[in-house]
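Please look over the sequence and the 3D structure shown here. Then use the report to find your way around.

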Amino acid sequence: MTMHWILGAGAIGRLLAHSLSPTTTTLLIGRRALPARQVLTSPNGESCTQSLRVLTAAELSLEAPAPPHYVHIATKAMAAEATLDAIASLLPPSTPLVLWQNGFLAQPRLTQRWAGPVLCATTTEGAYVVSEAHIVHAGRGHTFVGDLHRRYAALAQALASCLSGANMAATAVDDIRDRLWQKLAVNAAINPLVALHGIRNGELRAAPYAARVEAVIAEVAAIMQAEGIASPNSEEHLAAWRALVWGVIARTANNKASMLQDVEAGRVTEREAILAPLIAAGRRHALPCRVLTSLDDALAKIEP
Ligand code: KPL
């Protein structure tokens with residue numbers, strides 16, 4: 001049976017554990033102890049309880065389990081490397097990693113550092129944490145997996161089949177870098193503004209927020225073009241990015257974005273993973289990033 005270790009017991013980590021447990025051997029590794037009996041409420045509103053194998057990194061070291069086939073890192077972007085470092089001595093260097101982070105921070109760093117294959121996943125599965133023992137799978141989505149250098153197509157295919165077999169529809173792709181940057185563009189246009197203003201995504205459609213969204217899209221679209229990131233659809237470049245962002249805002253109008261949840265909970269946000277790669281790329285190409293920089297500065301001021 002395939003063995004999966006999942007680092008990070010947030011919504012996506014637990015969704016993976018719930019989905020993969022019936023067909024694979026799965027260990028969920030969190031920062032602190034969680035109840036083994038875990039409830040998942042599925043998109044149709046039904047709740048089911050499963051006994052998951054939940055361990056802390058310290059407990060994992062004592063158990064010395066068989067090496068995994070995949071290590072999924074499902075933490076926030078800023079925590080990915082430290083979380084891996086805490087258990088890296090237990091892993092053969094050739095172990096495949098699967099990175100589930102937003103933005104473009106952990107992906108290039110770990111791809112460069114890790115000796116084994118590094119797959120990146122980007123997903124539209126919607127899930128949120130209710131309590132230490134309960135998550136809600138709010139909406140089914142789709143997951144794309146691939147690696148940044150197009151070297152591990154067969155591994156990505158095997159993982160996509162495994163996820164799809166576990167009821168998380170997935171496709172292996174050779175353009176994961178473009179897809180990660182497309183999601184980053186959406187997150188850059190929505191998350192900082194809703195986090196700073198304390199509003200739901202749909203409220204961005206009202207003036208004066210809409211003009212600020214447009215200003216972010218204009219900077220982001222120019223940066224994407226200079227970086228050679230494919231437009232998200234066949235429309236003209238700027239129109240394509242506008243359609244992508246406004247489409248997500250419409251579909252997630254009632255959402256409290258992850259960055260707003262972080263700000264409300266007094267946590268560090270993912271600004272470094274989302275805004276910093278854009279600002280760095282903008283500077284590399286001598287493009288204006290005044291709006292992105294001012295959002296980054298404003299977020300830095302309210303972070304703990
Ligand atoms: O991915 C999201 C997030 O909250 O981080 C969006 C697309 C903004 C939906 O809320």
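## About the model

This is a predicted model, in which local features need pLDDT of at least 70, side-chain atom pairs count only at pLDDT 80 or more, and totals for chains, interfaces and linings use all residues. Residues are numbered from 1 along each chain as its sequence is written.

Helices (H or I, at least four residues) and strands (E, at least two) are DSSP runs, numbered from the N terminus. Burial is counted in C-beta atoms placed from the backbone: a residue is buried if 20 or more others lie within 10 Å of its own, exposed if 12 or fewer, and partly exposed in between.

## Strand S1 and its partners

Start with strand S1, residues 3-7. Four of its five residues are buried, so S1 is largely enclosed by the rest of the structure. Two strands count as paired if DSSP finds at least two bridges between them. S1 runs parallel to strand S2 (residues 25-30), and five bridges join them. Within this pair, His4 stands opposite Thr26 of S2.

S1 also pairs with strand S6 (residues 70-73), again in the parallel sense, over four bridges. Here Leu7 has Ile73 of S6 as its bridge partner. Right-handed means that, with the strands pointing away from the viewer, the path from the first strand over the helix to the second runs clockwise.

## Strand S11, covered on both faces

In a regular strand the side chains alternate between the two faces of the sheet. Now look at strand S11, residues 143-146. Thr143 and Val145 are on one side, Phe144 and Gly146 are on the other, and all of them are buried. Both faces of S11 are therefore covered.

S11 has two partners described here. With strand S8 (residues 118-123) it pairs in the antiparallel sense over four bridges. Thr143 of S11 is the bridge partner of Thr123. With strand S12 (residues 170-172) S11 runs parallel, joined by three bridges. Thr143 turns up again in this pair, where Ala170 of S12 is its bridge partner. S11, helix H5 (residues 153-165) and S12 make a right-handed β-α-β unit.

Which residues of helix H3 (residues 80-87) are buried? They are Ala80, Thr83 and Leu84. Seen down the axis of H3, these buried residues fall within an arc of 95 degrees, so they line one face of the helix. The arc is that of the directions from the helix axis to the C-beta atoms. On the other side of H3, Ala82 and Asp85 are exposed.

## Loops worth a look

Asn167 lies in the loop between H5 and S12. Its phi is near 75 degrees, a positive value in a residue other than glycine. Asn167 has 14 other C-beta atoms within 10 Å, so it counts as partly exposed. Ala286 is not a glycine either, yet its phi is positive, about 55 degrees. Ala286 is found in the loop between helix H10 (271-284) and helix H11 (290-302). With 7 other C-beta atoms within 10 Å, Ala286 is exposed.

Pro208 sits in the loop between H6 and helix H7 (209-227). The peptide bond from Ala207 to Pro208 is cis, with omega near 0 degrees. His69 is in the loop between helix H2 (57-63) and S6. It has 18 C-beta neighbours inside 10 Å and so counts as partly exposed.

The unreviewed UniProt entry places the feature "domain: Ketopantoate reductase C-terminal" at residues 175-301. UniProt positions are given in the numbering used here, feature names are shortened, and annotations may be inferred rather than shown by experiment. Over residues 175-301 the chain is 70% helix and 0% strand, and the end C-alpha atoms are 35 Å apart.
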